[in-house]
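Please work through the exercises below with the structure open beside the text, and try each task before reading its solution.

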Amino acid sequence: MGTYLGEFEQLVLLAIVRLGEEATGAGIRQAVEEGSQRTVWIGAIYTTLQRMADKGLVDAAVVEPSAAGQRRRKVYALTTEGQAALGRAYETWARMTRGLRPKLESL
């Protein structure tokens, strides 16, 4: 069956996919805020990232600065299990919403 993802976990994983190699904690927070149109506390991002790392859904790597004056940064990426879990969540959403557009538009 795989790992069940909550809504916020899905948003964080989607942000990581969207950001690719630029998926830092601050970048993930900004992407989640923009995509969900809600305020997100940075602590919630890091707590969620740690929980998902513990589940084996994300990995983190420290990237050394490429130019003078830059700082080291931690970048996040989906693991194979994280990709599979997000794919299952996406497929579930697609199945559950199939044919609902007219009903949802009238709400």
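The exercises that follow concern a predicted model, and each task is paired with a worked solution.

**Exercise 1.** Find which residues of H4 are buried, and state what they pack against.

Solution. The buried residues of H4 are Gly82, Ala85, Leu86 and Ala89. Because these residues cover an arc of only 95 degrees around the axis, they are placed on the same side of H4. Their packing partners are helix H1 (7-19) and strand E2 (73-78).

**Exercise 2.** Classify the arrangement of H1 and helix H2, residues 25-36, from their axes.

Solution. The two axes come within 9 Å and cross at roughly 115 degrees. Since angles of 65 to 115 count as roughly perpendicular, H1 is therefore roughly perpendicular to H2. The crossing is right-handed. Among the residues that meet there are Phe8, Leu11 and Val12 on the H1 side, and Gly27, Ile28 and Ala31 on the H2 side.

**Exercise 3.** Decide whether Glu9 is buried or exposed.

Solution. Glu9 lies in helix H1. Its relative accessibility is 5%, so Glu9 counts as buried, given a cut-off of under 20%. Leaving aside neighbours within four places in sequence, Glu9 is in contact with Tyr4, Thr48, Arg51, Met52 and Lys55.

Note on methods: Residues are numbered from 1 along each chain as its sequence is written. This is a predicted model: local features need pLDDT of at least 70, side-chain atom pairs count only at pLDDT 80 or more; totals for chains, interfaces and linings use all residues. Side-chain values use heavy atoms; hydrogens and water are left out. Buried means under 20% relative accessible area, exposed over 50%, partly exposed in between (1.4 Å probe, protein chains only). Helices (H or I, at least four residues) and strands (E, at least two) are DSSP runs, numbered from the N terminus. The arc is that of the directions from the helix axis to the C-beta atoms. Contact means heavy atoms within 4.5 Å. Axes are lines fitted to C-alpha atoms, for helices over the stretch in contact, and angles run from 0 to 180 degrees between N-to-C directions. Angles under 35 degrees count as roughly parallel, over 145 as roughly antiparallel, 65 to 115 as roughly perpendicular and the rest as oblique. A crossing is left-handed if the near helix is turned anticlockwise from the far one by less than a right angle, and right-handed if clockwise.
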